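Subject: The structure I promised you

Hi there,

Here is the structure I said I would pass on.

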Amino acid sequence: MKVRPPISTRRWVHLPWVEESERLAQESSLRPILGHVLWHRGCQSREGIEGFLTPRLQMLGDPFLLTDLKKAAEVILKAIEGSKRIVIYGDYDVDGMTSTAFFYRFLKRLGAHVDCFLPHRMSEGYGLTLQGVKRCLAEKQPDLLIAVDCATTAIEETQYLQSEGVQVVIVDHHELAERAPFATAFVNPHQDGILTYLASVGLVFKVCHGILKLGENQRKQIDLRDYLDLVALGTVADLVPLIEENRILVQRGLEQITKSQVIGIRALKRVSGIRGEVKASDVGFRLAPRLNAGGRLGDACRSLEVLISDDEVEVERLVQELDQANKERQKIEQAILEEAFQELNLSFLPDSDRVIVLGKRGWHCGVIGIVASRIQKAYHRPTLIIGFDEAGTGKGSGRSVEGCSLVDLLRSCDSHLVTCGGHEMAAGLTVREESFEGFKKAIFEKAESAVQWSALQPTLTLHGKLQGEVVGGKLYSELNRLAPFGQKNSQPVFEIDQLEMTRAPKVFGNNHVKFFFKGEGQEVEAVGFDMADRELKTQGIKLAGVLDWDDYRGQMNVRVIDWKNGV
Ligand SMILES: [Mn+2]
């Protein structure tokens, strides 16, 4: 039996039309609709529009504005000069492993004695843990440990490292705890309140920029642009806002992935079926899941190896393994998702439940984040999914809705938890089985005040209105100048009306539907995935959708998100 989430009837909300935006569009030789979309993305001057549409690396700020960054660069340079053993201690998600790979490749080029270390997800847990640190010291004997994408909250662990005579540099973007960790240099933009949107791999870029600024000799050997493919991978995968410096890094980074010379990235693209220009969605839906699959179902070192190895045969073998692991991951995910939907069909109370918390023994903690995100989308509630192991320890992962800080919500219930941490929109936790019911009760109670009903109303924001006849390849290219699309810069969704249907809609595949209408100089196809079972009256129908590119047919199409029936 296929279990379906409830079909939500979303309210369509149009962004208000501002006349000023029309004038600006004209001045910048853009169609009014582009001016309108840009206005609502904060581009409300000619310079703003210019800067947004043509991001340049020169627009990146001075790295030394970040606390301790100069110190970090000095410590690392000194370690290279003194031939010290440097170990990059990373994490096993894509941001963590690209941060590790970036530092490793970069320092290696500078002639450093450098090695990498990733903790085991299952046995050693997230980030810098005592178990992980001890194994790292035993295996690698570092003089300097650079922790990336972790360690902001690792007080005890960093203290231990220092007591063992190991220098510590931390480069991390996670939210601060009350106490700072023990480190010679602690680079975390939350200390400064600027650039807090950077992924860890973006911070690594900043630190390496700092190293090149300080090191006269080093500067001649390296072009930082060569590493932007890794920055784009980690930044897009970590779901941080693609605004300001991230927009610059990712836009240039995607170009770098398109022409990447890194053997592993080329192999990943091949196995993912990516040809031509690489888009942010290719990273999010094709490259990142395969890299993640290594860490989710076992050992992230395979994925890291893909990003740092120059052995073509070995890389090809590993990439095939990752592809296989990804397929397996999808199967496991689907099974858990169906169990979760079944459970929610029985227990979810839409009028009183402001959060969703589900937990079960045996749910694989490697895929619960993806499951949480799917359920959050279907039910529009902050969602936590927890998998308990044999010993009764539960690892949970959560996704939130706009307007509710998940990490704050978790912290307000932390007396029931072993640990919790993360960000506003995504967070993680560890909970004991015997505390689970108490935790659930507490979080439902806290949500009463922390989560407003208004944040839980499913709405669809429409970024503009188009008539069917203007939809086509030309408009698609113009809109594509707003890419890369992702968090805080989503692909604009349009209401498309006054449609002249050229053929009857066609149902195909497993519950998909396709519309055909007359666009600008061509017939346009509009595809609604998993929507064929919805009521459909085409006479006077209005579509809500995004202009997309159909790789296989080599032309634009519309991806339908919702529709309003005609009469
Ligand atoms: Mn990260």
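The centres of domain 1 and domain 2, taken over C-alpha atoms, are 38 Å apart. Seven residues from domain 1 and twelve residues from domain 2 make the contact, where two residues count as being in contact if their C-beta atoms, placed from the backbone, lie within 7 Å. On the side of domain 1 that touches domain 2, there are three nonpolar residues, three polar and one charged. For these classes, Ala, Val, Leu, Ile, Met, Phe, Trp, Tyr, Cys and Pro count as nonpolar, Asp, Glu, Lys and Arg as charged, and the others, Gly among them, as polar.

The chain is divided into domain 1 (11–17 + 463–564), domain 2 (58–322) and domain 3 (348–456); these bounds come from an automatic or database domain assignment. Please keep in mind that this is a predicted model: local features need pLDDT of at least 70, side-chain atom pairs count only at pLDDT 80 or more, and totals for chains, interfaces and linings use all residues. Residues are numbered from 1 along each chain as its sequence is written.

**The seven-stranded sheet**

Seven strands make an open sheet with mixed pairing, in the order β13-β14-β18-β19-β17-β16-β15. Strands (E, at least two residues) and helices (H or I, at least four) are DSSP runs, numbered from the N terminus, and two strands pair if DSSP finds at least two bridges between them. At the edges sit β13 (464–467) and β15 (501–508), each pairing on one side only. Neighbouring strands here are turned by 35° against each other on average, direction ignored.

Ile-496 has Leu-543 in β18 as its bridge partner.

**The five-stranded sheet**

Another open sheet has five strands in the order β7-β8-β9-β11-β10, again with mixed pairing. Its edge strands are β7 (356–361) and β10 (419–422), and each of them pairs on one side only. From one strand to the next, the twist averages 15°.

How do β7 and β8 pair, and over how many bridges? β7 and β8 (residues 383–388) pair in the parallel sense, over six bridges. Among the paired residues, Val-357 has Leu-384 in β8 as its bridge partner.

Helix α17 (residues 368–379) lies across β7, β8 and β9 (393–399), and runs at about 150° to β8. Axes are lines fitted to C-alpha atoms, for helices over the stretch in contact, and angles run from 0 to 180 degrees between N-to-C directions.

**Helices that pack together**

Two packed helices are described by the angle between their axes and the distance between the axes. Angles under 35 degrees count as roughly parallel, over 145 as roughly antiparallel, 65 to 115 as roughly perpendicular and the rest as oblique. A crossing is left-handed if the near helix is turned anticlockwise from the far one by less than a right angle, and right-handed if clockwise.

- α16 (residues 312–347) packs against α17 at an angle of about 45°, with the axes 10 Å apart, so α16 and α17 are oblique to each other. Glu-333, Ile-336, Leu-337 and Ala-340 in α16 meet Ile-370, Val-371, Arg-374 and Ile-375 in α17. By class, this contact of α16 with α17 has six nonpolar, no polar and two charged residues.
- α4 (residues 69–81) and α9 (residues 200–214) have axes that come within 9 Å and cross at roughly 65°, so α4 and α9 are roughly perpendicular to each other. The crossing of α4 and α9 is right-handed.
- α5 (residues 94–109) and α15 (residues 301–308) pack at about 40°, with their axes 9 Å apart, and α5 passes α15 in a right-handed crossing.

Enjoy exploring!

Best wishes
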